[in-house]
Amino acid sequence: MNEQEENQDAYWMRYALKLAEKAEALGEVPVGAVIVADGQVIGEGWNLSINQHDPSAHAEMMAIRMAASHRKNYRVVDATLYVTLEPCPMCAGAIVHARISKVVFGATDLKTGAGGSVMQLLQNAHLNHQTELVGGVLADECAATVSAFFRRRRAEKKALKKAQKHGGADSD
C-alpha cells in the first residue's frame, strides 16, 4: 500500500471513530462505520442494537443499508467500508452479499472477528465474492475506544451491585 492510500485509510478511519462516539453517547458499544465511493460518503452508521432492540443494528449494517438506499441497489460495488472494529460473521455476510469491494478495519475482534481473527469470511474462496481487506488502521485508537467502554461498563455494574448490596442491608 502506498502512502496516499495509507493517509486516505487513516482519514476515513478517523471519520468512523467520530461515528463511534455517537454510539457511545447513546450507551452503545462504540463502533462506527462509513462507506465511501469516489471519495464521497454514501453510507454511515454506528451501533444501535441496544437502542433499537435489534441484534442486526451493527454499525456496518446501518452503513450498508444507507449506501444501498443511496445507490437504489442492494449491491454496493466499487465502494470501501471503513469500520473501527473487525466485522462479525453477520456483518461479513452482508458485506459479501452487498459486493463491497474493500473493507478497512481498525481493531481486531478476537471473539467474533470474521476478517481473519476468529474466521475468514471476507476472503473465503468458497463464497461468490471476496473483498480486499486491510486491518489494523489506527488499531490502537480503535481498540482503546472499545476497551475503555467495556472497562467503564464493568465498573458501573460493579458499583451498582455494591450499592444494591449495601442498600439491601440498610433496609432490614
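Student: What does Asp 9 form a salt bridge with, and how far apart are the closest N and O atoms?
Tutor: Its partner is Lys 102, and the closest N and O atoms are 3.9 Å apart. Asp 9 sits in helix 1 and Lys 102 in strand 4, so the bridge ties together parts that are 93 residues apart in sequence. The cut-off for a salt bridge is a side-chain nitrogen of Lys or Arg within 4 Å of a carboxyl oxygen of Asp or Glu.

Student: Before I go on, what kind of model is this?
Tutor: This is a predicted model, where local features need pLDDT of at least 70 and side-chain atom pairs count only at pLDDT 80 or more, while totals for chains, interfaces and linings use all residues. Residues are numbered from 1 along each chain as its sequence is written, and side-chain values use heavy atoms, with hydrogens and water left out.

Student: OK. Are Asp 9 and Lys 102 buried or exposed?
Tutor: Both Asp 9 and Lys 102 are buried. Buried means under 20% relative accessible area, exposed means over 50%, and partly exposed is in between (1.4 Å probe, protein chains only).

Student: How many salt bridges turn up in the whole structure?
Tutor: Two, from a search of the whole structure. Besides the Asp 9 pair, Glu 24 bridges to Arg 152, with the closest N and O atoms 2.0 Å apart. That pair also links distant parts of the chain, with Glu 24 in helix 1 and Arg 152 in helix 5 (residues 139-170), 128 residues apart.

Student: And how accessible are Glu 24 and Arg 152?
Tutor: Glu 24 has a relative accessible area of 26%, so it is partly exposed. Arg 152 is partly exposed too, at 36%.

Student: Zooming out, how many helices and strands does the chain have?
Tutor: Five helices and five strands, in the order α-β-β-α-α-β-α-β-β-α along the sequence. These are DSSP runs numbered from the N terminus, with helices (H or I) of at least four residues and strands (E) of at least two. The C-alpha atoms fill a box of roughly 65 × 35 × 30 Å along the principal axes, and 44% of the 172 residues count as buried.

Student: Switching to aromatics: how many pairs are there?
Tutor: The whole-structure search gives four aromatic pairs. Tyr 11 and Trp 12 have ring centres 4.9 Å apart and planes at 85°, so they meet edge-to-face. Rings of Phe, Tyr and Trp (its six-membered ring) pair if their centres lie within 6.5 Å; planes under 30 degrees apart are stacked, over 60 edge-to-face, and the rest tilted.

Student: Which residues form the aromatic cluster?
Tutor: Tyr 11, Trp 12, Tyr 15 and Tyr 82 make up one cluster. Trp 12 is buried, at 8% relative accessible area.

Student: What about charge: which residues gather in the negative patch?
Tutor: Glu 3, Glu 5, Glu 6 and Glu 132, on the surface. Helix 1 (residues 3-25) gives the largest share, three residues, while Glu 132 lies in strand 5 (residues 132-135). At 44% relative accessibility, Glu 132 counts as partly exposed. For a charge patch, residues need over 30% relative accessible area and no salt bridge, and like charges are joined within 9 Å.

Student: Which residues other than glycine have a positive phi?
Tutor: Asp 78 has phi near 55°, and Arg 99 has about 60°. In general, most residues other than glycine have a negative phi. Asp 78 is in the loop between helix 3 (59-71) and strand 3 (80-85), and Arg 99 is in the loop between helix 4 (89-98) and strand 4 (102-107).

Student: Are those two buried or exposed?
Tutor: Asp 78 is exposed at 62% relative accessibility, whereas Arg 99 is buried at 16%.

Student: How far is Asn 128 from Arg 99?
Tutor: They are 9.2 Å apart C-alpha to C-alpha, and 29 residues apart in sequence. Asn 128 is in the loop between strand 4 and strand 5 and counts as exposed, at 56%.

Student: Where is Leu 122?
Tutor: Leu 122 is in the loop between strand 4 and strand 5, but it is buried, at 0% relative accessibility.

Conventions:
Patch = residues over 30% accessible without salt bridge, like charges linked within 9 Å, V, L, I, M, F, W, Y side chains within 5 Å. Areas by Shrake-Rupley, 256 points an atom, 1.4 Å probe, with all protein chains shown as cover. Lys, Arg positive; Asp, Glu negative; His and termini not counted. Charge placed at Lys NZ, Arg CZ, Asp CG, Glu CD.
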